[in-house]
Amino acid sequence: MIFLLCAAAALAAQPLWERRHNTFTLNSNALELELASGSTFRARRGLPGPGVRPISDSAIECKTTPETAGLKLETSDLVIQIGGDGRIAVSLPGGLRLYHETSVQVSEGKAAIELQVPATEQFYGLGPRPQASMDARGLAFRPASPFFVSSRGYAFWLRSPGVFEFDIAKTHADRVRISATGVERIEYFFAFGPSLKSIWEERHKVTGGIVDPPSETDLGLLSGPRLPRGAMRLPETGLRGAQLLCAEANALVHASLSGVAFPVFDLARYRHAELPVLRRAARLGVFAPLLQDSAGSWTPDQIALVNSASAERRRWSHFLLTYADEVRTRSYPMIHPLLHQFPRDPEAGKSVEAFMFGDEMLIVPLCDGAGKEVYLPMGVWTDWRTNRVHQGRRRVRLDASEDGVVVLAKNGSVIPLAGDPAELHYYPKLGGEFFIYEPEAGDYTQAHASPAADIYRLEIESKVSRRYQWIVHHVDKPAGVEQAGVGPLPPESWSYDPVNRSVHVT
């Protein structure tokens with residue numbers, strides 16, 4: 001197919017339509033559609049709103065075909081058909097339909113969009129909700145974040161102010177209905193990925209991301225009510241104790257599936273919980289994008305748990321800063337749901353029982369304190385606490401731990417921990433790397449590790465003055481350790497732990 005730059009001349013035969021840059025306006029139905037890229041667009045209906053700056057400065061390549069009272073736009077990624085009544089249908093160039101509006105209403109302060117959806121389509125996200133199911137199908141509620149991702153590879157989110165009700169195939173099994181009252185217009189975005197990572201990158205083109213992500217101080221334990229930009233509190237559920245913890249563990253994953261980069265886990269909600277529940281909550285909070293203590297008033301036993309979580313949180317500061325910077329540059333959420341990390345694994349989209357902390361760590365909350373079976377995605381996984389190794393692409397039994405959270409490191413990962421020296425944990429035998437964001441330098445310290453036959457090569461290009469210690473797991477005691485171009489290191493600069501089969505090189 002040959003693609004041409006959309007030109008006003010192409011629409012000359014269709015007086016119903018007006019085009020400016022990448023924006024097409026259907027005059028009779030007050031519909032405005034703006035292409036943000038070949039796979040993303042903005043639609044606005046209802047009373048004209050304030051002017052908006054074009055999303056893209058460049059003209060988006062497309063082919064336009066006037067149809068009876070409507071218009072067809074063809075980009076390299078999508079075919080967008082707009083009927084004379086303003087309803088939109090989106091298909092892939094090969095003909096597979098992704099999105100189909102069956103009715104649209106914006107009048108007299110009421111707005112509604114109804115979508116026809118196949119029985120197999122699933123819907124992820126819609127805010128930090130407490131359900132254990134990934135799929136929101138069958139729910140009708142007002143989400144804290146009006147954003148969903150479809151299993152068909154697209155995302156839909158609203159930018160209109162107002163409170164919107166989402167009926168996700170509950171009233172009618174083949175319909176999704178989005179409605180609100182007291183609104184003058186409805187404005188939303190459609191972005192096709194098809195992967196979650198591509199969806200976040202498309203969304204980044206629209207929103208520009210969070211320019212000033214949380215600082216190192218913000219990424220520690222936040223005291224008091226103040227929250228940094230981009231933060232979202234988990235909603236109140238009325239639950240208590242272990243039930244609350246399970247609901248909030250689910251909510252962290254759903255928030256990330258809704259494009260919420262910095263959901264807030266507040267330890268104050270567990271102030272009246274039993275001590276084992278607070279211990280599990282404090283441990284889970286270490287791996288939340290933002291950890292807060294809005295209470296500040298604790299018993300001595302509780303203070304010990306809160307202080308322990310705060311101290312461990314500081315140990316993860318290099319890791320947290322790096323992934324907060326990824327929010328800025330790519331709009332990836334800090335928590336990576338399994339669907340984000342393993343898009344080709346059909347099991348990854350079935351539950352929120354585990355999530356990735358960055359690309360390297362799999363976090364399994366045991367919120368009720370009991371062990372359970374959990375699905376491990378592709379890879380080889382090492383238990384951070386016990387050093388036990390698990391093979392992926394299967395369900396495994398994970399025993400309960402005192403702190404209620406199982407942390408697994410993926411084979412091939414390099415994982416930084418702050419301290420003096422800073423630690424770089426490497427899990428062979430795949431090669432691995434980590435780029436530590438250094439705010440003071442505005443640059444990245446690079447750590448690389450790779451195996452070659454019976455040699456492991458460990459490399460650091462540090463942008464700041466800092467001592468490091470490599471910890472290489474799952475290896476036999478080496479014959480020696482050398483510095484490239486210098487020769488063998490003295491015995492006091494490295495050691496071997498025979499119990500954990502790990503080499504430590506400072």
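Student: What makes the 8 strands an open sheet, and in what order do they stand?
Tutor: This is a predicted model: local features need pLDDT of at least 70, side-chain atom pairs need 80 or more, and totals for chains, interfaces and linings use all residues. Residues are numbered from 1 along each chain, and side-chain values use heavy atoms, without hydrogens and water. The order is 2-3-4-5-18-15-14-12, with antiparallel pairing. Strand 2 (17–20) and strand 12 (123–125) are at the edges with a single partner strand each, so one side of each has no neighbour in the sheet. Strands here are DSSP runs of E, at least two residues, and helices are runs of H or I, at least four, numbered from the N terminus.

Student: How do you know that strand 14 and strand 15 pair?
Tutor: Pairing takes at least two DSSP bridges between two strands. Strand 14 (residues 147–150) and strand 15 (residues 154–158) have 3 bridges and run antiparallel. So they pass the test.

Student: Why are helix 3 and helix 4 called roughly parallel?
Tutor: Take the axes, lines fitted to C-alpha atoms, for helices over the stretch in contact; angles between N-to-C directions run from 0 to 180 degrees. Helix 3 (residues 275–286) and helix 4 (residues 300–315) cross at roughly 15°, their axes coming within 9 Å. Under 35 degrees counts as roughly parallel, over 145 as roughly antiparallel, 65 to 115 as roughly perpendicular and the rest as oblique. Therefore these two are roughly parallel.

Student: What about helix 1 and helix 5: at roughly what angle do their axes cross?
Tutor: Roughly 60°, and the axes come within 8 Å. Helix 5 covers residues 317–330. The contact uses Trp 200, Glu 201 and His 204 of helix 1 and Arg 328, Thr 329 and Arg 330 of helix 5.

Student: What makes Glu 187 and Arg 42 a salt bridge?
Tutor: The rule asks for a side-chain nitrogen of Lys or Arg within 4 Å of a carboxyl oxygen of Asp or Glu. The closest N and O atoms of Glu 187 and Arg 42 are 3.0 Å apart. So the pair qualifies. Glu 187 is in strand 18 and Arg 42 in strand 5, so parts 145 residues apart in sequence are tied together.

Key:
Contact = heavy atoms within 4.5 Å.
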